[in-house]
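Please examine the sequence and the structure shown below.

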Amino acid sequence: MSARSAAQRSRRELTYAVLLCLAGAGLALWAVTRTWSVELTARGPLPAARHARTGADLLPWVSALALVGLAGGGAVLATRGRVRRLLGGLLTLVGLAVAAGGGYGLTAALAGAGRQWPALVLVGGLIAAGGGVLTGLRGDGWPAMGARYERRARPSVRADERPAVERGTRDAWEALDRGEDPTVS
């Protein structure tokens with residue numbers, strides 16, 4: 001395999017992993033905000049009161065973990081090497097936990113419950129976990145962000161070479177008295 005095709009393959013894998021994480025977590029977050037159950041409360045001669053509960057009302061931790069999955073999908077782009085592989089493991093665990101919430105919603109006896117929303121949460125969690133597995137297994141060989149996003153080390157500067165403003169107030173005023181710009185060295 002040529003170097004060019006290997007680079008294209010790794011970019012494609014990175015894209016797939018990020019899209020899997022984002023799509024799975026986004027699907028789960030959307031589905032957990034839908035109505036999972038409806039409770040009717042009898043009120044005597046009045047019509048029954050209807051209380052709709054979303055998945056987020058019943059399992060608030062699922063929506064929180066789905067948000068972590070969304071953030072982690074973006075973090076895959078900003079990390080590299082071992083950190084990216086560790087992030088992949090974390091995203092796998094988060095995705096499986098979201099899927100477990102969907103599985104619980106499917107098996108729980110919820111009054112007036114539709115099964116489609118917990119099923120979508122389960123599917124979304126599994127998709128996000130798949131992106132995490134892909135990141136954990138293959139992520140250290142993927143391209144990283146460009147060097148312009150890296151923190152640059154400042155060159156060591158002697159105290160008398162720094163601008164007068166950084167040396168102190170007295171030096172700044174003396175530079176102004178001499179007609180110099182105190183903000184440049």
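A salt bridge is a side-chain nitrogen of Lys or Arg within 4 Å of a carboxyl oxygen of Asp or Glu. The structure is a predicted model, in which local features need pLDDT of at least 70 and side-chain atom pairs count only at pLDDT 80 or more, while totals for chains, interfaces and linings use all residues. Residues are numbered from 1 along each chain as its sequence is written, and side-chain values use heavy atoms, with hydrogens and water left out.

Three salt bridges are found in a search of the whole structure. In one of them, Arg138 pairs with Glu13, and the closest N and O atoms are 3.1 Å apart. This pair links distant parts of the chain, since Arg138 belongs to helix 5 and Glu13 to helix 1, 125 residues apart; helices (H or I, at least four residues) are DSSP runs numbered from the N terminus. Glu13 also forms a salt bridge with Arg9, with the closest N and O atoms 3.4 Å apart. Both Glu13 and Arg9 lie in helix 1, four residues apart, about one turn of the helix.

Buried means under 20% relative accessible area, exposed over 50%, and partly exposed in between (1.4 Å probe, protein chains only). Glu13 is buried because its relative accessible area is 12%, whereas Arg138 is partly exposed at 37%.

A further salt bridge joins Arg85 and Asp140, whose closest N and O atoms are 3.4 Å apart. Arg85 lies in helix 4 (residues 81–107) and Asp140 in the loop between helix 5 and helix 6 (164–167), so the pair ties together parts that are 55 residues apart in sequence.

Attention now turns to nonpolar packing. A nonpolar core is a set of buried Ala, Val, Leu, Ile, Met, Phe, Trp, Tyr and Cys residues joined through side-chain atoms within 4.5 Å. The largest such core has ten residues, including Ala28, Trp36, Val98 and Trp117. Helix 1 (3–32), helix 3 and helix 5 (116–138) each supply at least two residues of this core, and the largest share, three residues, comes from helix 1.

Ser63 is located in helix 3 (residues 60–78). Ser63 counts as buried because its relative accessible area is 17%. A polar atom of its side chain lies 3.0 Å from the backbone oxygen of Pro60.

Note on methods
Polar contact = N/O pair within 3.5 Å; in protein donor to acceptor, adjacent residues only side chain to side chain.
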